[in-house]
Amino acid sequence: MVAVLTRIFGVHNLALAEDVVQDAFCRALEVWKFQGLPENPSAWLMATAKNRALDVLRRERTALTFAPELGRLLESEWTLAPVVEELFAANAIKDDLLRMMFSCCQPRLAEEAQVALILHILCGFSVSEIAGAFVSSPAAIEKRITRAKKILAASKRLLDVTSAAEFSARLPAVHRALYLLFNEGYHGASPESAVRVELCREAMRLTALLLDHPLGKTPESYALAALMCLHAARLPGRVDASGNLSSLLDQDRSQWDQDLVAEGLKLLELSATGSELAEYHVEAAIASIHARAVRIEDTDWKAIVALYDSLMALRPSPIVALNRAIAVAQQEGPERGLEEIHAIPDTDRLAAYPFYSAALGELEFRRGRREIARGHFQAALGVARNDMERRFLEQRVLRCQDGSAGKGLQGK
Amino acid sequence: MSEFTFLFRGRDTNASPEQMQKTMEKWVAWFKDLGAKGHLKEPGHPLELTGKVVKGSQKTIIDGPYAEAKDVVGGFTVVEARDLAHAAELAKACPILEAGGSVEVRPIQKMNM
């Protein structure tokens with residue numbers, strides 16, 4: 001809703017747009033107190049916001065300069081209502097969301113600020129919810145969002161999503177922000193929960209918007225959507241019945257969402273056009289191999305290692321290297337996996353990542369060196385970010401002590 | 001059974017959206033409860049906090065009411081209860097009281113025929 005109103009009032013009046021939404025919301029709640037919730041609360045809110053927007057435009061017509069490209073149409077009473085009406089139509093709203101999303105991905109904003117802004121403006125997350133998702137204090141997030149909004153407001157104009165050049169230039173940043181948003185939900189560092197399904201869902205919703213746009217339907221967009229579907233399909237298995245984190249190797253694969261798997265595979269196929277191979281393609285391909293393996297033994301580890309090699313070439317990172325090493329261990333045994341992990345150059349960047357020590361522990365455990373394994377698990381426990389991770393690692397520590405035969409573990 | 005009007009005063013206008021949503025849910029629950037027990041005659045409406053006042057034989061129209069926010073009637077409801085005491089008892093569960101507001105309970109005057 002803020003996106004539509006920002007289109008009407010202009011990006012420099014972002015605060016006004018937010019006020020109108022807030023006001024519509026307050027009014028709606030006041031009425032719903034007495035009348036109960038209507039069948040379609042969001043349509044109701046939209047209608048209220050639309051009427052408020054008309055009020056504001058009529059009242060402040062002289063005091064504010066609104067969206068420059070709409071300015072003249074909004075000045076005349078003849079065109080005002082139909083223009084606003086049109087902007088609130090379903091299709092226009094989609095465009096507004098895209099426009100807002102692209103505008104949030106301003107190159108002058110840091111990636112975290114872009115994601116925070118998208119969550120706040122487009123997904124309606126409160127400051128404290130965003131702070132929860134990013135393991136940051138509400139005050140810090142508030143500051144980050146305020147600063148980002150100022151930069152956004154200074155740009156005077158929302159990004160024109162009908163201009164192919166502007167659209168394409170900004171698209172990679174949008175992909176990246178959506179990817180980060182999804183990842184934050186999938187294996188985020190939130191202290192409350194290791195899986196934040198609502199973040200994943202928002203990322204998927206916004207990615208679907210991209211695919212609806214003629215310029216947004218690029219192979220990378222399809223690959224990103226495929227990646228999200230294939231990962232999301234595994235979400236029901238990531239946390240077991242008792243609320244504990246379950247590693248990919250232990251997961252009950254019958255719980256995976258087969259509809260999402262099918263959707264993801266279809267999207268992956270659609271992404272296989274053109275000559276560009278993006279990291280999203282490779283990650284989606286890795287996810288598709290996991291998704292296709294009915295049992296863990298059916299996994300084609302050799303193909304996965306090869307894909308991690310391509311990923312290392314496209315976007316090298318210690319975490320990718322770590323996941324590659326784990327895949328090598330699956331294929332060639334724990335000794336080879338450990339060799340690969342020890343060969344990762346900047347492991348100090350991994351020190352704060354609990355699954356680094358956990359992977360070392362797991363491989364040492366499989367080699368039968370329980371005492372060393374236990375040390376690694378304990379180190380991992382020291383940097384665990386939430387209770388789920390903590391319980392997961394405590395179980396591993398215990399297993400090293402009681403000597404019972406255990407199952408596997410993987411970092412991702 | 002007789003009819004009574006509840007006049008609500010003291011709407012909390014500074015609440016955060018999350019708080020407001022919670023308050024709304026409490027109101028909906030309260031109305032539901034009143035309805036289920038057969039006390040709700042007419043849920044009524046919330047009122048805007050400002051309007052116009054038309055006054056006297058001169059029929060002057062002024063903006064208003066300009067009372068303090070806590071004194072302005074913010075909405076009304078009609079209930080059915082055994083007597084005034086019973087109606088007041090019903091008003092005790094109104095969520096507006098938690099926010100520091102008040103409920104004025106007034107019997108609706110009717111002719112007994």
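Biologist: Within what distance do the axes of helix α10 of chain A and helix α12 of chain A come, and at what angle do they cross?

Modeller: Residues are numbered from 1 along each chain as its sequence is written, with chains lettered from A and ligands numbered from 1 in written order. The model is predicted, so local features need pLDDT of at least 70 and side-chain atom pairs count only at pLDDT 80 or more, while totals for chains, interfaces and linings use all residues, and side-chain values use heavy atoms, with hydrogens and water left out.

The axes of α10(A), residues 164-187, and α12(A), residues 219-233, come within 11 Å and cross at roughly 5°. Axes here are lines fitted to C-alpha atoms, for helices over the stretch in contact, with angles running from 0 to 180 degrees between N-to-C directions; helices are DSSP runs (H or I, at least four residues), as strands are (E, at least two), numbered from the N terminus. The two helices are therefore roughly parallel to each other, a label for angles under 35 degrees, whereas over 145 counts as roughly antiparallel, 65 to 115 as roughly perpendicular and the rest as oblique.

In contact, meaning heavy atoms within 4.5 Å, α10(A) brings residues including Leu171(A), His175(A) and Phe182(A), and α12(A) brings others, among them Glu220(A), Leu224(A) and Met228(A). By class, this contact has nine nonpolar, three polar and one charged residues, where Ala, Val, Leu, Ile, Met, Phe, Trp, Tyr, Cys and Pro count as nonpolar, Asp, Glu, Lys and Arg as charged, and the others, Gly among them, as polar.

Chain A also meets chain B, in a contact that takes 14 residues from chain A and 19 residues from chain B. One salt bridge is counted between them, joining Arg27(A) to Glu48(B) with the closest N and O atoms 2.9 Å apart; the term requires a side-chain nitrogen of Lys or Arg within 4 Å of a carboxyl oxygen of Asp or Glu.
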